[in-house]
Amino acid sequence: MGKVETLQRRSTQDITLEDVERRVSLASRALIGLANADGHWCFELEADATIPSEYILYHHFRGSVPTAELEGKIANYLRRTQSAQHHGWSLVHDGAFDMSATVKAYFALKLVGDATEAPHMRRARDAILKRGGAAHANVFTRTLLALYGEVPWTAVPVMPVEIMLLPRWFPFHLDKVSYWARTVMVPLFVLQAKKPRARNPRGVGIAELFTQAPERVRRWPSGAQETSPWRPVFSAIDAVLQRVEGAFPAGARARAIDKAVAFVSERLNGEDGLGAIFPAMVNSVLMYEALGYPEDHPLAVTARSAVEKLVTVKEHEAYVQPCLSPVWDTALAAHAMMEVGGPEAEHQAARALDWLKPLQVLDIKGDWAAQKPDVRPGGWAFQYANPHYPDLDDTAVVVMAMDRAQTRRSPSEDPSDYGASIARAREWVEGLQSRDGGWAAFDADNTHHYLNYIPFSDHGALLDPPTADVTARCVSMLSQLGETRATSPALERGIEYLLADQEADGSWYGRWGMNYVYGTWSALCALNAAGQDPASAPMRKAVAWLVGIQNPDGGWGEDAASYKLEYRGYERAPSTPSQTAWALLALMAAGEADHPSVARGINYLTRTQEADGLWSEERYTATGFPRVFYLRYHGYAKFFPLWALARYRNLKRGNSLRVAVGM
């Protein structure tokens with residue numbers, strides 16, 4: 001086996017608590033050093049080549065070409081992330097070819113001046129054509145190409161702006177789709193109605209990426225998940241709309257556009273942007289311009305500024321973040337600091353929580369109130385500001401950190417500093433529970449699953465249904481706050497949801513992290529906090545599953561392929577620090593701090609810690625939309641391994657192997 005380390009070698013097993021302590025001290029000092037002056041953390045959040053490519057296309061659409069320096073740095077990023085294996089672009093590091101990402105990256109590079117016969121461009125073009133050409137790109141990509149005049153509008157499913165006028169009982173209504181879908185779609189409705197044409201000052205096109213002229217294509221591809229009986233029904237509806245959309249009454253169209261503009265403008269969110277996510281921000285800018293708003297109109301200026309805040313410039317490269325993650329990063333890093341303990345780490349955690357406290361949304365009833373009108377607001381958003389769209393996951397994590405900090409304070413400190421914040425958040429979380437007992441990220445009962453089969457939703461991510469990982473976080477929160485199954489019906493229903501959602505192999509699906517390792521970590525933390533017997537069948541099956549998928553090097557890793565439509569089991573991947581930390585935290589939550597697999601995992605983290613005290617990982621371990629959009633949180637490899645090491649040290653040195661907090 002050469003130098004390949006296996007679970008049987010002593011080098012992957014030996015570990016001392018003294019060594020762990022040294023590693024914890026080194027990592028905690030490094031993490032504290034990365035905090036901002038006001039106490040919060042905000043690490044980079046990286047997606048695939050799609051977002052920086054769309055940024056170039058957005059500017060060339062408007063005729064506002066970025067500086068040559070910025071274009072050159074983005075081009076460097078795109079060239080570096082091109083696959084050496086399939087010559088296209090992937091959704092994750094070392095991933096499979098993705099048609100839409102590759103078409104956009106090729107188009108962006110051509111716009112900035114890369115010659116079509118340059119070797120990297122020729123290889124990308126050949127890869128596209130070999131797979132049927134750009135006609136096989138997804139709906140969002142074809143919409144962009146229609147705006148550039150590269151494909152006819154018949155390539156795009158009709159989403160008439162008159163949707164804004166539909167009553168709530170109608171099968172399709174904005175209240176029935178997710179927050180991200182609403183914010184992206186509403187300005188896009190206006191763009192479909194107005195059909196503006198890209199200024200494209202350099203006159204660049206990509207006709208060479210099609211195997212036949214786009215105007216001759218009669219049937220455009222649909223998403224892989226669109227095999228349901230709903231598909232022919234929705235296709236027929238779209239065919240009718242394609243014929244009659246241009247004949248809709250002018251008065252109704254004008255009213256619908258006005259309503260769409262009002263929706264966007266109310267939620268514009270200052271320079272944090274519509275929905276605080278890149279696609280919605282870009283669409284809002286283009287909407288205002290398509291409607292003739294002058295360049296200096298305050299709404300247009302604000303919308304443009306939001307886009308630019310996502311540009312991340314480095315020495316030789318630049319890319320564009322899909323959004324910013326300060327609340328999530330700060331709350332999780334605060335948990336790691338409290339696990340580390342000691343005056344310096346505790347002080348840093350307190351500064352982080354004091355920064356988080358005023359960001360709680362207490363005065364705006366967001367879109368979630370359409371389903372829960374009688375619930376008072378009280379959550380935190382993921383970003384610096386996004387008051388219409390706080391989320392349950394962030395809120396539960398912040399509350400657990402605040403509660404943990406509050407219980408550790410000395411009698412001389414104000415014990416109720418976070419009390420009001422915790423109470424309002426708890427009220428909001430309990431109020432957003434769905435009918436099935438689970439919790440979703442942003443809404444309640446967002447479960448109109450037939451909508452994932454409309455032609456527009458070829459990505460299959462139009463909804464925000466309850467998931468095991470978010471449910472687990474809410475169960476953890478309620479349990480940590482002292483609730484039990486006997487005292488809290490909401491907790492009882494949440495636990496039952498989790499137990500029912502466990503996979504046959506013992507794992508849980510992870511919607512927002514990759515994938516079954518993340519979901520299983522979340523669920524085991526919740527069940528432990530709720531008092532589930534570690535000897536119970538659900539806990540034992542989960543432990544056996546985690547132990548069984550440990551990599552030979554002692555770490556854990558999981559590939560994005562585990563999200564494929566036909567689930568056939570865990571998809572092994574090289575170990576990563578963040579996924580290893582999740583597995584370790586999960587096993588320790590199940591009472592297994594003494595398990596040999598835990599020692600080997602801790603050994604892996606100590607061996608892979610770098611000279612600066614932190615860890616690095618190029619692989620993507622987080623999920624935006626399964627099969628469509630993945631994320632690389634640059635902070636995950638910095639605070640999760642530290643958290644796991646500190647917990648291991650604490651349990652091994654303590655009087656009990658039971659984890660006493662919710663996560």
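Helix H19, which covers residues 537-548, has 12 residues and reaches 16 Å from its first C-alpha to its last, close to the 16 Å expected at 1.5 Å a residue; the expected span is 1.5 Å times one less than the number of residues, and helices are DSSP runs (H or I, at least four residues), numbered from the N terminus, as are strands (E, at least two). This is a predicted model, in which local features need pLDDT of at least 70 and side-chain atom pairs count only at pLDDT 80 or more, while totals for chains, interfaces and linings use all residues. Residues are numbered from 1 along each chain as its sequence is written, and side-chain values use heavy atoms, with hydrogens and water left out.

**Exercise 1.** Find the buried residues of H19, and work out why they line one face of the helix.

*Solution.* Begin with the buried residues (under 20% relative accessible area, with exposed meaning over 50% and partly exposed in between, for a 1.4 Å probe and protein chains only), which in H19 are Pro538, Met539, Ala542, Val543, Trp545 and Leu546. Seen down the axis of H19, these buried residues fall within an arc of 160 degrees (taken from the directions from the helix axis to the C-beta atoms), so they line one face of the helix. Next, turn to the face away from the buried side, where Ala537, Ala544 and Gly548 are exposed. Finally, the buried residues of H19 pack against helices H17, H18 and H20 and strand S4.

**Exercise 2.** Decide whether Thr183 is buried or exposed, and list its contacts beyond four places in sequence.

*Solution.* First locate Thr183 in helix H7, residues 179-194. Thr183 has a relative accessible area of 0%, so this residue is buried. Then, leaving aside neighbours within four places in sequence, its contacts (heavy atoms within 4.5 Å) are Leu274, Gly275, Ile277, Ala280 and Tyr389.

**Exercise 3.** Determine how many cavities of 30 Å³ or more there are, and describe the largest cavity.

*Solution.* On a 1 Å grid over the protein atoms alone, a cavity is a set of points where a 1.4 Å probe fits but cannot get out, and lining residues have an atom within 4 Å of a point. By this rule there are two cavities of 30 Å³ or more. The largest cavity has a volume of about 80 Å³, and the residues that line the largest cavity include Glu271, Lys309 and Tyr384. The second largest cavity has a volume of about 30 Å³, and among the residues lining the second largest cavity are His93 and Arg619.

Notes: 1 Å grid on protein atoms, 1.4 Å probe; cavity = no way out; pocket = protein on both sides within 12 Å on 5 of 7 lines; lining within 4 Å. Points joined across faces, edges and corners; volume = space filled by probe spheres on them.
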